[in-house]
Amino acid sequence: MDINGRELSKKIKNEIKDEVDKLDKKPGLAVVLVGENPASKVYVRHKEKACQKVGYFSKKIVLQDNTSEEELLTLIDELNNDNLIHGILVQLPLPKHIDSDKVISSINPNKDVDGFHPLNMGKLMIGQKTIISCTPKGIIELIKSTKIDMNGKNAVVIGRSNIVGKPIALLLLQNNATVTMCHSRTKNLKKHCLDADIIVAAVGIPNFVKEDMVKKDCVIIDVGINRLDDGTLAGDVDYKTVHDKVSFITPVPGGVGPMTIASLMRNTLECYKIIEGIE
Ligand code: NDP
């Protein structure tokens with residue numbers, strides 16, 4: 001059965017809109033795009049559209065590919081001090097001459113809607129309340145929507161990136177799953193996967209997880225967004241063959257992607273409340 005990320009995301013955005021309609025001052029999100037990466041442009045457009053839907057003030061700043069690190073840091077400093085802006089998102093990847101870690105660390109942690117700042121990442125690690133990065137936050141909502149009990153379940157995360165793999169592993173752990181993290185050096189990945197009640201695939205290789213790698217009735221979260229030569233999108237999971245074997249699976253598109261955006265909207269509201277001293 002599909003887990004419908006589009007529906008869930010719509011519901012969340014409607015709830016946010018209802019809350020925002022009652023506010024005198026609108027939450028403001030700044031999205032910074034450096035360069036011409038086509039995928040990044042699409043993501044930024046989706047984020048802007050979502051802001052309009054929920055009633056946020058959104059500010060898109062597009063900088064040229066040759067923008068210097070110093071110029072970008074100056075811009076972030078301005079946004080950190082802009083009282084109309086409650087969330088700052090720098091679309092990754094950045095051009096190679098810019099140090100992403102330095103840029104992320106320069107964002108006010110209370111405006112860090114992506115949850116990538118080391119302080120927020122560290123708080124997640126030690127289980128403190130924090131701003132949780134959008135994709136993992138959305139994934140947990142998707143799993144919860146299936147009503148399966150994560151307690152003691154075997155969860156396998158394929159991929160160990162800072163933006164998906166590591167934080168989702170921590171969140172699954174917080175939800176009492178027994179978590180195994182797999183990556184490109186993992187030996188016998190198939191064995192780990194066959195043991196899993198929940199698989200989160202964040203590999204970046206189209207149709208990587210095949211039917212013979214998954215246990216019957218397992219829950220599959222497919223994070224992958226891979227553009228194929230014919231222009232279509234494919235996930236990291238071979239949806240066609242896996243779908244009938246498992247109990248729940250997120251489609252691509254229409255699964256994790258929309259929930260990432262919904263979580264961004266939630267995080268912006270959380271940052272707004274912190275900055276405006278509402279909570
Ligand atoms: P990264 O490229 O940063 O990480 C990929 C991970 O997969 C690495 O940890 C790598 O291992 C692992 N890996 C690569 N090959 C294998 C293999 N053969 N076996 C096991 N593990 C392997 O990717 P991201 O985490 O940034 O993204 C993953 C996918 O999710 C991409 O398709 C991306 O587009 C998509 N994505 C989707 C989002 C959404 O909103 N839906 C948001 C973010 C990403 P190692 O560390 O050893 O190299």
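1. Which strand do two bridges join to S7, and in what sense do the two run? That strand is S10 (residues 248–249), and S10 and S7 run parallel; strands here are DSSP runs (E, at least two residues), numbered from the N terminus, and two strands pair if DSSP finds at least two bridges between them. Isoleucine 249 in S10 is the bridge partner of isoleucine 220.

2. Some conditions apply to what follows. The model is predicted, so that local features need pLDDT of at least 70 and side-chain atom pairs count only at pLDDT 80 or more, while totals for chains, interfaces and linings use all residues. Residues are numbered from 1 along each chain as its sequence is written, and side-chain values use heavy atoms, with hydrogens and water left out.

3. Strand S6 (residues 198–201) also pairs with S7, in the parallel sense and over four bridges, and isoleucine 199 has isoleucine 220 as its bridge partner in S7. Both faces of S7 (residues 219–222) are covered, with Val219 and Ile221 buried on one side and Ile220 and Asp222 buried on the other; buried means under 20% relative accessible area (1.4 Å probe, protein chains only).

4. Around the ligand there are 21 residues, the closest being Arg160, Ser161, Ser184, Val223 and Thr260, where a residue counts if one of its heavy atoms lies within 4 Å. Helix H10 (residues 256–275) gives the most to this shell, with three residues.

5. A side-chain N or O atom of serine 161 is 2.5 Å from an oxygen atom of the ligand, and for arginine 160 the corresponding distance to a ligand oxygen atom is 2.8 Å.

Conventions
Polar contact = N/O pair within 3.5 Å; in protein donor to acceptor, adjacent residues only side chain to side chain. Buried < 20%, exposed > 50% of the residue type's maximum accessible area, 1.4 Å probe, protein only.
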